[in-house]
Amino acid sequence: MSNRSRDENPKARFDAKAFFRHFGAGATSEKFQKNQKIYAQGEIADTVCYIEEGRVKAIVLSDLGKEAIVGIFREGQLFGEACLGPAKLRTATIVAMEECLIISVKKRAMLSALDSAPHLAAFFITHLLSRNTRLEEDMIDQLLNSSERRLARLLLVLTNSYEEGQKPVGVTLSQEALAEMVGTTRPRVSTFMNKFREKGFISYDGHSGKIEVRAELLLSVLGG
């Protein structure tokens with residue numbers, strides 16, 4: 001790639017981790033331990049968070065007291081960005097899935113940075129488009145695909161196995177959590193997980209919940 005083409009591509013020159021690490025006034029960095037709550041549903045929404053290290057899960061609690069995991073975010077991703085719009089309160093509880101290092105940026109500071117730093121703005125737009133695409137795919141998946149195919153896709157997404165150039169990572173989740181995210185029952189998830197393991201699509205420890213995916217094999221479930 002020529003120097004000119006690199007200059008015209010702000011994403012190619014933007015190091016999000018370095019940018020947020022040296023953000024300055026309006027940003028704080030904090031470590032969270034596994035299962036520690038980062039913020040709770042219903043709290044004031046006034047910061048955008050960047051994951052420097054680790055993974056977190058978003059949990060929503062219904063008025064009837066039912067909980068559901070609605071998302072998992074990993075290193076290099078943002079969460080809590082809804083506060084930059086009309087949202088005044090957090091719509092989900094965010095919990096660390098492992099030891100995490102989180103950089104929280106105050107709403108006013110983030111808006112100012114987006115206005116003054118084009119590379120950050122490009123990164124943020126890419127993030128929003130990726131999130132929107134994922135939500136559309138989730139909706140289509142829920143409406144049209146079988147629970148087995150939904151589980152296969154979820155495992156690929158959770159372990160980075162869909163992303164070109166990204167090294168697949170293991171994930172630890174209970175069958176109950178997987179069932180919530182897929183929209184099926186725990187016994188059906190257990191059946192599918194055992195089937196995937198027997199076919200060699202995944203490595204799975206039913207006691208610890210640790211899952212590793214062999215993407216090129218599991219894609220066959222989706223016809224890939």
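## An enclosed strand

Strand 8 (residues 100–106) is largely enclosed by the rest of the structure, because six of its seven residues are buried. Buried means under 20% relative accessible area, exposed over 50%, and partly exposed in between (1.4 Å probe, protein chains only). Strands here are DSSP E runs of at least two residues, and helices are H or I runs of at least four, numbered from the N terminus. The model is predicted: local features need pLDDT of at least 70, side-chain atom pairs count only at pLDDT 80 or more, and totals for chains, interfaces and linings use all residues. Residues are numbered from 1 along each chain as its sequence is written, and side-chain values use heavy atoms, with hydrogens and water left out.

Strand 8 has antiparallel partners. Strand 1 (residues 27–32) pairs with strand 8 over six bridges, in the antiparallel sense. Two strands pair if DSSP finds at least two bridges between them. Glu30 has Ile102 of strand 8 as its bridge partner. Strand 3 also runs antiparallel to strand 8, and six bridges join them. Here Thr47 stands opposite Lys106.

## Overall fold

The chain holds nine helices and eleven strands. It has 224 residues, and 42% of them count as buried. Take the contacts (heavy atoms within 4.5 Å) between residues at least 6 apart in sequence: 70% join residues at least 24 apart.

The accessible surface is about 12,700 Å², and carbon and sulfur atoms account for 52% of this area. Accessible areas come from the Shrake-Rupley method with a 1.4 Å probe; for residues, only the protein chains shown count as cover.

## Two nonpolar cores

In soluble globular proteins, nonpolar side chains tend to be buried together. A nonpolar core is a set of buried Ala, Val, Leu, Ile, Met, Phe, Trp, Tyr and Cys residues joined through side-chain atoms within 4.5 Å. The largest one has 31 residues, and Leu155, Leu173, Leu178, Phe196 and Leu218 have the most contacts inside it. Elements that each supply at least two of its residues include strand 5 (67–74), helix 7 (175–182) and helix 8 (186–198). Helix 6 gives the most, with six residues.

Beyond residues up to four places away in sequence, Phe196 touches Glu148, Leu151, Ala152, Leu155, Phe201, Ile202, Leu218 and Val221. A second, separate core has 20 residues, including Phe14, Ala45, Val48 and Met110.

## A buried glutamate

Glu52 sits in strand 3 (residues 47–53). Its relative accessible area is 5%, so Glu52 is buried. Leaving aside neighbours within four places in sequence, Glu52 contacts Lys17, Arg21, Glu75, Leu101 and Ile103.

## Surface positions

Leu144 belongs to helix 5 (residues 118–144). Leu144 counts as exposed because its relative accessibility is 68%. Together with Met139, Ile140 and Leu143, Leu144 makes a nonpolar surface patch of about 490 Å². Patches are made of residues with over 30% relative accessible area and no salt bridge; like charges are joined within 9 Å, nonpolar side chains (Val, Leu, Ile, Met, Phe, Trp, Tyr) within 5 Å. A salt bridge puts a side-chain nitrogen of Lys or Arg within 4 Å of a carboxyl oxygen of Asp or Glu.

Arg197 is in helix 8. Its relative accessible area is 36%, so Arg197 is partly exposed. Arg197 and Val213 are 16 residues apart in sequence, with a C-alpha to C-alpha separation of 9.5 Å.
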